[in-house]
Each structure stands twice: as C-alpha cells, then as structure tokens.
Amino acid sequence: FQGKPQPEVIWTKDDQPLDTKRVNIRNGEKDTIFFIREAQRTDSGKYQLTIRINGAEDKATLDIQVIEPPGPPQNLKLVDVWGFNVALEWGPPADNGNSEIKGYLVQKSDKKSGQWFTVLERCTRTSCTISDLIIGNTYSFRVFTENACGMSEKAAVTPKPAHIQKTKTVYQPEKIRQRDMLEPPKFTQPLTDRTTTRGYSTHLFCSVRGFPKPKIIWMKNQMEIREDPKYIAMMAQGVCSLEIRKASPFDGGVYTCKAVNPLGEASVDCKLDVK
C-alpha cells in the first residue's frame with residue numbers, strides 16, 4: 001500500500017476484531033504481513049484489510065478457507081448379491097473437511113489374499129455395483145471419501161462379507177431354427193479397369209460370396225482361360241485374383257470373372273490396357 005502521511009492499518013475478520021492469539025500482524029511503512037501459525041478450520045472466514053489516512057480509506061477482502069481430509073462415509077451396507085455382482089450403498093461423511101466432496105474410492109478384498117484392490121475411483125454417487133467377482137470367493141468392501149485435501153484417513157468397511165455362490169442352473173438346449181444358408185453367387189467387390197506396363201506382372205482382384213462355394217471361371221474376351229502358365233488364378237476367403245505374368249500388348253482386352261453354383265451364376269468385367 002502507499003499513502004502520506006503513514007496510513008493506519010486495520011485488519012478484521014467477519015467485521016470483528018482479530019483474535020491476536022491466533023493471528024499475528026506485522027505492519028511496515030508500505031506493507032502489512034498477515035500470519036497464522038498452525039492454521040485451524042476455525043480460522044476460515046472473510047478477512048478485511050482497511051488502510052486509513054485522516055478519514056480517507058481503502059479496503060481489500062481476503063477469503064481464507066482452511067481445509068483438512070474428510071471423514072469416512074456413513075452407513076456403508078451391502079444391499080444385494082447376485083451372480084458375480086454386489087451392490088453397495090452409503091451416506092456422505094459427517095465431516096466434509098470444510099471442502100466439497102470430489103468423490104469416493106471403492107476397494108475390494110477377497111478372504112484368500114487379504115489384499116485390497118481399487119475397483120472404482122472418484123465415484124460421484126453414494127452407491128455402486130461391483131461386477132466380475134469370482135465364484136467361491138468371499139469379499140469385503142471399503143469406501144474412502146475424497147476432497148481437495150485428499151482421502152479420508154479411515155474408510156467405511158462393510159459390516160459383513162459377501163460370498164459369491166455358484167448358482168444352480170438347469171440346462172435347457174436352445175431350439176435353433178434351421179437357417180437356409182443357400183445363396184446364389186453375388187460379387188461384393190467388382191473388377192476395376194487397369195493399365196499396366198509391358199513386361200510387368202499385374203493382378204486383377206474381385207470378391208464373391210455364395211453357398212455352396214461357387215466355382216470361379218476366368219475369361220479373356222469371352223474365351224475361358226484354361227491351364228495356361230501365363231495366368232495364375234486363386235481364391236481365398238471369397239477373394240478372387242488373377243495374376244497375368246509379364247504382360248504384353250497381346251494380353252490387353254476385356255477380362256471376366258464368372259462365379260457359378262447350383263443356384264445360379266454371376267459375373268463381372270474389366271478392361272486391361274498394356275502400354
């Protein structure tokens with residue numbers, strides 16, 4: 001602060017004089033130091049600094065909030081156990097540590113290992129469902145509270161454990177309706193026109209489906225390609241391919257892939273240019 005002559009410095013809390021046993025004030029010519037040793041929650045509140053010279057004054061307000069870890073949740077209980085799941089419920093802590101509750105940390109421990117494992121972090125509700133538990137194991141659960149200062153020092157623990165029992169089931173074979181799997185050939189990906197360079201091998205691709213598995217016939221200019229070492233035809237997982245080895249201008253033309261099964265047939269064409 002500044003002012004002439006030397007300003008009068010006045011500190012108050014909630015419009016009341018300060019408790020000098022809790023707060024130390026040291027004033028200088030241009031500054032004032034406000035100091036609380038070992039702050040407690042009762043020190044929270046609105047502090048007002050007043051600077052006054054001959055009746056003229058200026059004010060500043062400081063809002064101090066002293067926080068500490070919260071208390072544990074209240075009334076933690078095991079609501080239900082079914083299958084591999086349990087449902088838990090609890091209430092907010094009696095003491096929030098003078099800070100808003102950010103969430104809850106939920107942990108489980110099985111009787112065999114005795115170790116605690118986190119299953120939920122920052123749970124914002126006061127209930128939860130824990131799944132994927134192991135049949136035959138017995139579990140305990142605990143819940144911590146979290147605020148801006150951190151986790152509660154203690155946790156709420158379920159008063160009784162939960163035993164995951166094996167449910168008795170009667171096997172009833174599912175009646176499966178016979179599905180007609182028969183399907184005529186249908187191309188799901190057609191051939192596309194291609195241009196290739198003389199002396200280089202090239203591939204033509206398409207895909208087809210159908211049941212029974214279709215027979216694939218490749219043709220060039222409407223003439224079936226039979227056992228010719230220049231061509232390698234393959235089919236895998238419904239993908240049909242034709243490799244044309246070291247193409248020459250003579251290999252240019254219209255190529256057709258035909259799929260045939262007892263229910264029908266389908267075909268696709270493409271044009272190949274060799275330059």
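**Entry 1, layout.** I began with the domains and found the chain divided into domain 1 (8–64), domain 2 (73–164) and domain 3 (183–274); these bounds come from an automatic or database domain assignment. Taken over C-alpha atoms, the centres of domain 1 and domain 3 are separated by 90 Å.

A note to myself on ground rules. This is a predicted model, where local features need pLDDT of at least 70 and side-chain atom pairs count only at pLDDT 80 or more, while totals for chains, interfaces and linings use all residues. Residues are numbered from 1 along each chain as its sequence is written, and side-chain values use heavy atoms, with hydrogens and water left out.

Next I looked up the nonpolar cores, meaning sets of buried Ala, Val, Leu, Ile, Met, Phe, Trp, Tyr and Cys residues joined through side-chain atoms within 4.5 Å. For burial I used relative accessible area: under 20% is buried, over 50% exposed, and in between partly exposed (1.4 Å probe, protein chains only).

Which residues touch the most other members of the largest nonpolar core? They are Trp218 and Tyr255, in a core of 20 residues. At least two residues of this core come from each of strand E18 (202–211), strand E22 (239–244), strand E23 (253–261) and strand E24 (264–274). E24 gives the most, with five residues.

Not counting residues up to four places away in sequence, Tyr255 touches a list of residues including Leu191, Leu204, Ile225, Tyr231, Leu242, Val268 and Leu272. Lys220, Asp269 and Cys270 are also among them.

Apart from this core lies another, of 17 residues, among them Leu78, Tyr104, Tyr139 and Ala156.

How many aromatic pairs does a search of the whole structure find? It finds five. The rings of Phe, Tyr and Trp (its six-membered ring) pair if their centres lie within 6.5 Å; planes under 30 degrees apart count as stacked, over 60 as edge-to-face and the rest as tilted.

Trp11 and Phe34 make a tilted pair, 4.8 Å centre to centre with 40° between the planes. Trp11 is in strand E1 (residues 8–13) and Phe34 in strand E4 (residues 32–36), 23 residues apart, so I noted this pair as a link between distant parts of the chain. Trp11 counts as buried at 14% relative accessibility, and Phe34 counts as buried at 19%.

Trp90 and Tyr104 have ring centres 5.5 Å apart and planes at 65°, so their pair is edge-to-face. Because Trp90 lies in strand E8 (residues 85–91) and Tyr104 in strand E9 (residues 101–110), the pair ties together parts that are 14 residues apart in sequence. Trp90 is buried, with a relative accessible area of 6%, and Tyr104 is buried at 5%.

I also saw that ring pairs link Trp11, Phe34 and Tyr47 into a cluster.

Is Asn85 buried or exposed? It counts as buried, at 15% relative accessibility, and its place is in strand E8. The side chains of Asn85 and Ser131 are joined by a polar contact of 2.9 Å. Such a contact is a pair of N or O atoms within 3.5 Å; within protein, one must be able to donate a hydrogen and the other to accept it, and residues adjacent in sequence count only if both atoms are side-chain atoms. Leaving aside neighbours within four places in sequence, Asn85 is in contact with Asp80, Thr129, Ile130, Ser131, Asp132 and Leu133.

Most residues other than glycine have a negative phi, and most peptide bonds are trans. I looked for departures from both.

- The peptide bond from Lys4 to Pro5 is cis, with omega near -5°, and Pro5 is in the segment before E1.
- Phe211 and Pro212 are joined by a cis peptide bond with omega about 0°; Pro212 lies in the loop between E18 and strand E19 (215–220).
- Asn54, not a glycine, has a positive phi of about 50°. Asn54 lies in the loop between strand E5 (45–53) and strand E6 (56–64) and counts as exposed at 74% relative accessibility.
- Gln222, not a glycine either, has a positive phi of about 70°. Gln222 is in the loop between E19 and strand E20 (223–224) and counts as exposed at 56%.

Note on methods
Helix = DSSP H or I, 4+ residues; strand = E, 2+ residues; numbered from the N terminus. Contact = heavy atoms within 4.5 Å.
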